[in-house]
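Colleague: I'm new to this one and would like to learn how to read it. Could you walk me through it?

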Amino acid sequence: MSGNQSLCTRFTFVAFSSLAGLQPVLFVVFLLIYLFTVGGNFIIICLIWVTPSLHTPMYFFLVNLSFLEMCYITSVVPQMLVHLLVETKTISVGGCAVQMYVFTALGLAECCLLAAMAYDRFVAICYPLHYTLLMGPHVCLKLAAASWTTGVVVESVQIPWIFTLPFCGTGKIQHFFCDIMPVVKLACVDTSYNEIMVFAVSVLFIMSPCFLILCSYVRIFGTILRIPSAAGRRKAFSTCSSHILVVSLFYGTALFTYLQPKTVQTPETDKATALAYIVVTPALNPVIYTLRNKEVKEAFKRVTQRNSLRLMT
Ligand SMILES: *[C@@H]1O[C@H](CO)[C@@H](O)[C@H](O)[C@H]1NC(C)=O
């Protein structure tokens, strides 16, 4: 660090500065998507709570995933919305650390929770006779708790470590929230070692759950293909198709963001993929789970019919 530069205490987001005229439009679009996502996930949670036939491990994890996604998107989007309206788009360094911590811990917890959900499908399809034994309520709780704990523990080490870096100069973040890499780039020391460490953590903690998910699905497909009747195969597959879609969307965008080679990374592609996994993917999950899932669809119909009957009488 050169001695004559003072440390900065605030960062400025310059992500949308090239789109100045579009900011009110973006505000409305992102606000609608945000309300849709929070509302959709909230409806899923309530629907599962009031439907006893959905009190199974798979839907326990789905409630937890929906809850997690509501927190995840809330750690980023409301502040981004405010920044689309106001002139000074700044955040204190401490606030930036908190946002990065919450966001990355929840993101990592989501990776692990998706792996736990894959394990649930694996046991249900490959060991149906032992399902109730292997996936008892205590096991589900422990798997969910382990997912949240992994995110919290890993980021409790990684984020304070990142904020030991000295940040000086103008502190302009080429992004719309405090993601790891755009902030690390602002340090006024050589950060190549830090970048390698961040990359290593991403590989280890994003790829390990991904690997478990792939292994589960290899076994699941092996088992499904051996089911003699076409109807049986379709039924078994339909219980995991929503999960496959959600996993592909989440990991597709996460891998693209955190593991792409630096040579093709520009602030523009970074922002576009970040928008995909922060704004679009969480909005799609409730859609996927309600439209593709017969049990959820039927529960939804029952609840709405019950209420409309009550309104008529
Ligand atoms: C999700 O799981 C965690 C860990 O078991 C728990 O603390 C949290 O309350 C759960 N959230 C919901 C909405 O079920």
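Modeller: Let's go from the overall picture to the sheet and then to the helix packing. Keep in mind that this is a predicted model.

Colleague: Fine. How many helices and strands are there in the protein?

Modeller: Eleven helices and three strands. Along the sequence they come in the pattern β-α-α-α-β-α-α-α-β-α-α-α-α-α.

Colleague: And what radius of gyration does the protein have?

Modeller: It has 22 Å; a compact globule of 313 residues would be near 20 Å, so the two agree. The C-alpha atoms fill a box of roughly 75 × 50 × 35 Å along the principal axes.

Colleague: On to the sheet. What order do the strands have?

Modeller: First the general idea: strands of a sheet pair through backbone hydrogen bonds, either parallel or antiparallel. Here the sheet is open, with three strands in the order 2-1-3 and mixed pairing. Strand 2 (90-92) and strand 3 (172-173) are at the edges with a single partner strand each, so one side of each has no neighbour in the sheet.

Colleague: How do strand 1 and strand 3 run, parallel or antiparallel?

Modeller: Parallel: strand 1 (residues 10-13) is joined to strand 3 by two bridges. F13 has I173 in strand 3 as its bridge partner.

Colleague: Which helix packs on the sheet?

Modeller: Helix 4 (residues 93-126), which touches strand 1, strand 2 and strand 3. The direction of helix 4 makes about 90° with that of strand 2.

Colleague: How should I read two helices packed together?

Modeller: You describe them by the angle between their axes and the distance between the axes. Take helix 1 (residues 23-50) and helix 10 (residues 267-291): their angle is about 40° and their axes are 9 Å apart. That angle makes helix 1 oblique to helix 10. The crossing of the pair is left-handed.

Colleague: Which residues in helix 1 and helix 10 meet?

Modeller: Helix 1 brings residues including F30, I33 and F36, and helix 10 brings residues including L275, V279 and P282. The residues of this contact of helix 1 with helix 10 are eleven nonpolar, four polar and no charged.

Colleague: What is the angle between helix 2 and helix 10?

Modeller: About 155°, with the axes of helix 2 (residues 57-74) and helix 10 lying 10 Å apart. Helix 2 and helix 10 are therefore roughly antiparallel. Helix 2 also passes helix 10 in a left-handed crossing. Among the residues in contact are L62, L65 and E69 of helix 2 and Y277, I278 and P282 of helix 10. The contact of helix 2 with helix 10 has eight nonpolar residues, one polar and one charged.

Key:
Residues are numbered from 1 along each chain as its sequence is written. This is a predicted model: local features need pLDDT of at least 70, side-chain atom pairs count only at pLDDT 80 or more; totals for chains, interfaces and linings use all residues. Side-chain values use heavy atoms; hydrogens and water are left out. Two strands pair if DSSP finds at least two bridges between them. Helices (H or I, at least four residues) and strands (E, at least two) are DSSP runs, numbered from the N terminus. Contact means heavy atoms within 4.5 Å. Axes are lines fitted to C-alpha atoms, for helices over the stretch in contact, and angles run from 0 to 180 degrees between N-to-C directions. Angles under 35 degrees count as roughly parallel, over 145 as roughly antiparallel, 65 to 115 as roughly perpendicular and the rest as oblique. A crossing is left-handed if the near helix is turned anticlockwise from the far one by less than a right angle, and right-handed if clockwise. Ala, Val, Leu, Ile, Met, Phe, Trp, Tyr, Cys and Pro count as nonpolar, Asp, Glu, Lys and Arg as charged, and the others, Gly among them, as polar. The radius of gyration is taken over C-alpha atoms; the globule rule is 2.2 Å times the number of residues to the power 0.38.
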